[in-house]
Amino acid sequence: MAMERANLLNMAKLSIKGLIESALSFGRTLDSDYPPLQQFFVVMEHCLKHGLRVKKSFLGFNKSLWGPLELVEKLCPEAAEISASVRDLPGLKTPLGRARAWLRLALMQKRLADYLRLLITRKDLLSDFYENSALMLEEEGAVIVGLLVGLNVIDANLCVKGEDLDSQVGVIDFSMYLKNDIDDYRSEERNSQIASILDQKNYVEELNRQLNSTVQGLQGRVDSLEKSNSKLIEELAIAKNNIIKLQEENQQLRSENSLILLKAQQQLEVTQGDVSVERDTYRQSAQGLDEMYNEARRQLKEECQLRQDVENELVVQVSMKQEMELAMKLLEKDIHEKQDTLIGLRHQLDEVKAINVEMYQKMQSSDDEMKKKNNMISRLEEKTNQITATMKQLEQRLQEAERHRNSAEEGTRRFKLDFANKADSLQRQIENKERQLQQLETDLKIEREWRQTLQSDLDRERDTVSQLSTEALQINGLKKEFHRLQDENIQLKTICEDQEQALEELGSKLSESKMKIEDIKEANKALQGGQVWLKDKEASHCKLCEKEFSISRRKHHCRNCGEIFCNSCSDNELPLPASPKPVRVCDTCHALLLQRCSSNPT
């Protein structure tokens, strides 16, 4: 199981790196027919299937990927849209097809790494679907999820409805990852450049996330402080209203106390006047002194009682006044404390504002740097546009020169066609034998038990091929006739040489301009590099029959010369030094390789 996990991890690394490099060199959104993308989904399917538990059902035993992927909907509510759209697709009938559709939709949403990271963290839930030594429960699963973050650079536009995801066979094609030493060196440079760019992008994204989180936190603090400030302001307004009411009540009580004191003083003055009159009358009349004295004494008692009552009321009012003053002092203390808290909150607001200003300045500096980088990219794009214009002019000149050259090569092509017609009979026999060899090789892969018997048949077929090679030696006689006809084509070659000199001059200019374009592309994308064969965009007609490509007539690369041909002109397979297995070869390369084999029978 450890070896299986290591092999799957290496395949995941190769598929992800190859997909990122090819997508960035491709320069546009990827379709579902893109081979590296198909291989990536096949590798991811193998990784997710590793260590799945077998579940019993009415129809037998079953391994389903859809079970663990459905858990993402519970862990992340944003994934509910993907799972709902997968369930609503009419063409999907099996859980495997739903899992494949889910992977494609998550890649288009650029959230595949985030969803799988949430799934890996919940190992208690995954243990119901996977065995203990499965890849998703070990460290290799975390490494693969970390590698999937680089796929956020890719833009994909996949049509899930039209594909038959239920019946697809997931077989890993290892031929896409076999490269030469030069390609390995270039790929290492590309990988280093891609890694540096991705590190920069991840660093900028992390900075933006941190800044956004800090800004959100500060905004939350500011909102809470504003709410608390508004509440304190409301409480202050209520306290001020209460103080104003208490002051008004205190003034009313003071005015009532002053009125009561005035009334008491008036009554005392009246009583004093009455006492003086009574004394005068007592002096005048001694007879009614006792009666007047008693009446005065009674009045004095009544007045004393009234005075005591008034004094008691004054004491009560004084105590009420003292209590009011204490309440006023307590309110003033509360107001001072709230004012101190308000001052502290204002200081905190000032600090938060200063932090916001610093963050805003940092954001402005980062925006200025981004603007500078965008200006550099626009300048590089202008240079590339100028160079592409010069390239177009040079290509027009090349097309005119190629037209003259094609007119000169028509004679040689006619001779080649005559020679090809004579060699067709032998080639058909060899093709039949090679088809038999291919069938035998496929049988070797499927049925390994019959390997010894098939090897004996292969030896017999090789004997027949050696006999055919001896028959192919007779074709050397035709070469002599070909040399005679070459003498006739010397005049045409002189014309071709003149044109080739002009083409070489144009080629030197083109090479210089291409070198400049490659430098600019390396500075702009850090991903462009030399390709082994011709690009699909550069070929619209077959190289041999010159028929235009269409939906029915597809493009095929020759693995020997790298040119693009139709199926009828490249329906040949031969083993090459780069690949021991038979691969697709055009008709001309097929004939040349057969001649080399016949001239060098060893």
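Modeller: Start with the naming: helices (H or I, at least four residues) and strands (E, at least two) are DSSP runs, numbered from the N terminus. The model shown is predicted.

Biologist: Where does K110 lie, and how accessible is it?

Modeller: K110 sits in the loop between α5 and α6. Its relative accessibility is 31%, so K110 counts as partly exposed.

Biologist: How do I describe two packed helices?

Modeller: Take helix α6 (residues 112–121) and helix α8 (residues 139–147), which pack at an angle of about 160° with their axes 9 Å apart. Angles over 145 degrees count as roughly antiparallel, and α6 and α8 are therefore roughly antiparallel to each other. The crossing of α6 past α8 is left-handed.

Biologist: Which residues of α6 and α8 meet?

Modeller: From α6 come A113, L116, R117 and I120, and they meet G141, A142 and V145 of α8. By class, the residues of this contact of α6 with α8 are 5 nonpolar, 1 polar and 1 charged.

Biologist: Helix α1 (residues 2–26) also packs with α8; at what angle do the axes cross?

Modeller: The axes of α1 and α8 cross at roughly 0° and come within 10 Å. α1 and α8 are therefore roughly parallel to each other. On the α1 side the contact has R5, L9, A12, K13 and I16, and on the α8 side E140, V143, I144 and L147. The residues of the contact of α1 with α8 comprise 6 nonpolar, no polar and 3 charged.

Biologist: How are α4 and α5 arranged?

Modeller: Helix α4 (residues 80–88) and helix α5 (residues 95–109) pack at about 140°, their axes 10 Å apart. They are therefore oblique to each other. α4 passes α5 in a right-handed crossing. The contact is built from I82, S83, S85 and V86 of α4 with R98, A101, W102, L105, A106 and Q109 of α5. The residues of the contact of α4 with α5 divide into 6 nonpolar, 3 polar and 1 charged.

Biologist: Which residues of helix α3 (residues 66–75) are buried, and what covers them?

Modeller: Buried means under 20% relative accessible area. In α3 the buried residues include W66, G67, P68, L69, L71 and V72. Their cover includes α4, α5, α6 and α7 (123–126).

Biologist: How do I read the faces of a strand?

Modeller: In a regular strand the side chains alternate between the two faces of the sheet. In strand β5 (residues 572–575), N572 and L574 form the covered face, and E573 and P575 the uncovered one.

Biologist: How many bridges join β5 to strand β6 (residues 582–585)?

Modeller: There are 4 bridges, and β5 and β6 run antiparallel. E573 stands opposite R584 in β6. The two strands, β5 and β6, form a hairpin with 6 residues between them.

Methods. Residues are numbered from 1 along each chain as its sequence is written. This is a predicted model: local features need pLDDT of at least 70, side-chain atom pairs count only at pLDDT 80 or more; totals for chains, interfaces and linings use all residues. Side-chain values use heavy atoms; hydrogens and water are left out. Axes are lines fitted to C-alpha atoms, for helices over the stretch in contact, and angles run from 0 to 180 degrees between N-to-C directions. Angles under 35 degrees count as roughly parallel, over 145 as roughly antiparallel, 65 to 115 as roughly perpendicular and the rest as oblique. A crossing is left-handed if the near helix is turned anticlockwise from the far one by less than a right angle, and right-handed if clockwise. Contact means heavy atoms within 4.5 Å. Ala, Val, Leu, Ile, Met, Phe, Trp, Tyr, Cys and Pro count as nonpolar, Asp, Glu, Lys and Arg as charged, and the others, Gly among them, as polar. Buried means under 20% relative accessible area, exposed over 50%, partly exposed in between (1.4 Å probe, protein chains only). Two strands pair if DSSP finds at least two bridges between them.
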